[in-house]
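Here are my notes on the model you sent over. Have the structure open while you read them.

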Amino acid sequence: MATLDGTVALVTGASSGIGAATALSLASAGATVALAARRTARIEELAAQIGASGGKALALTADVTSEADARGIVDRTVTELGRLDTLVNNAGTMLLGPALGAPMEEWERMVRLNLLGLMYCTHAALPHLLTAAADSPRQVADLVNVSSVAGRFPRSGSSGYNATKFGVTGFSEAIRQEVTRQHVRVSVLEPGAVETELVSHNRPEIQERHTQRFADTKKMEPTDIADTIAFVVTRPWYMSVNEIVLRPTEQDT
Ligand SMILES: NC(=O)c1ccc[n+]([C@@H]2O[C@H](COP(=O)([O-])OP(=O)(O)OC[C@H]3O[C@@H](n4cnc5c(N)ncnc54)[C@H](OP(=O)(O)O)[C@@H]3O)[C@@H](O)[C@H]2O)c1
């Protein structure tokens, strides 16, 4: 029996990068996975890929900056797949640049997605995670929040992103203390640079600066983070991995 057989996981931001890799990784460990993102074609394709390799997946189109959508994906996961054992709050965006003259719209977008979206999904999922922890033979359920190295270490040129990811780290630890005795584990992942679409949403001059900064650095792959998430959620019930900072070996700051 695979370790996650009989469990259901919901992954936000499953249409690319870390989220897509995590969905594949949890599915191959035996979980049924709900895939949430705005790009329907991408998540439907991923669901088909998981189905073709013997797994089960459900594509859920959603914009998690809408509380109704966030609640909707949690409700549909439970209604259509029967339960919710694992929520991976992964959807996020990183819009960098100096604070002086930063477009306020970028800061607002990050707060709405990285912080509020994650809070909406968590709020909707918590009762179901508590139920799963109480009735699962595994005796545990998992809330995994993908923060960033930027959620632990501030860096010049990253203030808005830092603010949202520090928020994720603090939110996670407070919730961990509230639910850990009921066997809902809360884990925060804080990756450094990973090779994904993340940087492509920045203004051209910011992308250029980022490319120069990492010119001599081998970034991590989405599968590296997905493997770590799979490790976290397959620990025995009495062990909770609370926080992990992961950086490319060649990333100094
Ligand atoms: N890559 C890195 O270097 C790195 C490092 C540290 C932390 N992280 C964190 O890792 C997470 C995943 O990022 P990634 O690197 O995999 O980047 P990515 O490839 O750009 O993935 C971001 C995901 O978020 C989804 N998303 C964006 N807006 C959304 C919305 N309003 N509602 C629902 N889903 C939305 C995107 O899907 P749609 O566009 O289809 O909605 C996509 O699936 C983020 O939280 C990021 O901050 C990344």
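1. Ground rules. This is a predicted model, where local features need pLDDT of at least 70 and side-chain atom pairs count only at pLDDT 80 or more, while totals for chains, interfaces and linings use all residues. Residues are numbered from 1 along each chain as its sequence is written, and side-chain values use heavy atoms, with hydrogens and water left out.

2. Who sits around the ligand. The ligand is surrounded by 30 residues, where a residue counts as near if one of its heavy atoms lies within 4 Å. S15, R38, Y161, V194 and T196 are the closest. Two helices, α1 (17–28) and α5 (159–179), each bring at least two residues to this shell; helices here are DSSP runs of H or I with at least four residues, strands are E runs of at least two, and both are numbered from the N terminus.

3. Make-up of the shell. Sorted by class, the shell holds 13 nonpolar, 12 polar and 5 charged residues. Ala, Val, Leu, Ile, Met, Phe, Trp, Tyr, Cys and Pro go in as nonpolar, Asp, Glu, Lys and Arg as charged, and the others, Gly among them, as polar.

4. Polar contacts and cover. A polar contact is a pair of N or O atoms within 3.5 Å. A polar side-chain atom of S16 comes 2.8 Å from a ligand oxygen. Backbone polar atoms also take part: one from G13 is 2.9 Å from an oxygen of the ligand, and one from G192 is 3.5 Å from a ligand oxygen. On its own the ligand has 870 Å² of accessible area, and the protein covers 95% of that (Shrake-Rupley method, 1.4 Å probe).

5. F231, W237, Y238 and M239 make a patch of about 450 Å². Y238 is in the loop between α7 (222–233) and β7 (243–246). Y238 counts as exposed because its relative accessible area is 62% (exposed is over 50%, buried under 20%, partly exposed in between).

6. Two loop residues with positive phi. Q139 is not a glycine, yet its phi is about 65°; it lies in the loop between α4 (104–135) and β5 (141–146). H183, in the loop between α5 and β6 (184–191), has a positive phi near 70°. Q139 is partly exposed at 36% relative accessible area, and H183 is partly exposed at 23%.

Notes
Patch = residues over 30% accessible without salt bridge, like charges linked within 9 Å, V, L, I, M, F, W, Y side chains within 5 Å. Salt bridge = Lys/Arg side-chain N within 4 Å of Asp/Glu carboxyl O. Buried < 20%, exposed > 50% of the residue type's maximum accessible area, 1.4 Å probe, protein only. Polar contact = N/O pair within 3.5 Å; in protein donor to acceptor, adjacent residues only side chain to side chain.
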